Amino acid sequence: MREPIVWISVLIILGLLGAIAVVVVNMSNTTPRTFASDNGPNFIDVSNYSLKMQEYYHLFAQKCSRCHTLARPINSRFIGEEWRKYVYKMMRKPGSGLTPKTAEQIIEFLIYDVALREKR
């Protein structure tokens with residue numbers, strides 16, 4: 001009498017394992033989205049920036065490169081306070097490693113950098 005229950009349980013388990021395998025394969029086959037800004041320069045020469053801004057640049061480079069190329073934010077067209085909304089959006093993403101403190105430091109750097117590059 002227990003034999004049909006065992007077979008049904010085995011089939012259910014195999015089905016679940018198959019479904020999990022499909023999800024894992026699909027996740028590993030996804031290619032990251034690319035944007036036009038990914039194709040531009042991927043660094044900023046901060047040698048003439050203040051020491052504080054140089055430190056913030058390194059924080060920016062470390063944190064923001066976890067999820068996408070550095071070229072993406074460097075070549076984006078955000079100005080001034082637009083960065084705040086964008087960085088806080090990134091902070092909510094799993095694995096970003098951003099805290100409110102580091103987010104504010106990165107925002108300060110990005111606003112500073114944009115202002116300097118606009119003058120050139």
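**Cavities, a pocket and a helix contact**

Me: Which residues line the largest cavity?
Reply: In this predicted model, the lining of the largest cavity consists of Lys63, Cys64, Cys67, His68, Met90, Lys93, Ser96 and Leu98.

Me: And how much space lies in that largest cavity?
Reply: The largest cavity holds about 80 Å³ of space.

Me: How does its lining divide between nonpolar, polar and charged?
Reply: For the largest cavity, four lining residues are nonpolar, two are polar and two are charged.

Me: How many cavities of 30 Å³ or more does the structure hold?
Reply: There are two cavities of 30 Å³ or more.

Me: What lines the second largest cavity?
Reply: Its lining is made up of Phe60, Cys64, His68, Pro73, Trp83, Tyr86, Val87, Met90, Leu98 and Leu110. Two elements, α2 (51-64) and α4 (82-91), each give two or more residues to this lining.

Me: Changing topic to pockets: what volume does the largest pocket have?
Reply: The largest pocket has a volume of about 460 Å³. It is lined by 19 residues, of which Arg33, Phe35, His68, Arg72 and Tyr86 are the closest to its centre.

Me: Which elements give two or more residues to that lining?
Reply: These are α3 (71-74) and α4. The most comes from α4, which gives four residues to the lining of the largest pocket.

Me: How do the residues of the pocket lining divide by class?
Reply: In the lining of the largest pocket, nine residues are nonpolar, five are polar and five are charged.

Me: Back to α4, then. At what angle do the axes of α4 and α5 cross?
Reply: The axes of α4 and helix α5 (residues 100-119) cross at roughly 145 degrees and come within 9 Å.

Me: Is the crossing right-handed or left-handed?
Reply: The crossing of α4 past α5 is right-handed.

Me: Which residues meet in that contact?
Reply: From α4, the residues are Trp83, Arg84, Val87, Tyr88 and Met91. On the α5 side, they meet Pro100, Ala103, Glu104, Ile106, Ile107, Leu110, Ile111 and Val114. By class, this contact between α4 and α5 has eleven nonpolar residues, no polar ones and two charged ones.

Note on methods:
Residues numbered from 1 in each chain as written. Predicted model: local features only at pLDDT ≥ 70, side-chain atom pairs only at ≥ 80, totals over all residues. Heavy atoms only, no water. 1 Å grid on protein atoms, 1.4 Å probe; cavity = no way out; pocket = protein on both sides within 12 Å on 5 of 7 lines; lining within 4 Å. Points joined across faces, edges and corners; volume = space filled by probe spheres on them. Nonpolar A, V, L, I, M, F, W, Y, C, P; charged D, E, K, R; others polar. Axes fitted to C-alpha atoms, helices over the stretch in contact; angles between N-to-C directions. Left-handed = near helix turned anticlockwise from the far one by under 90°. Contact = heavy atoms within 4.5 Å.
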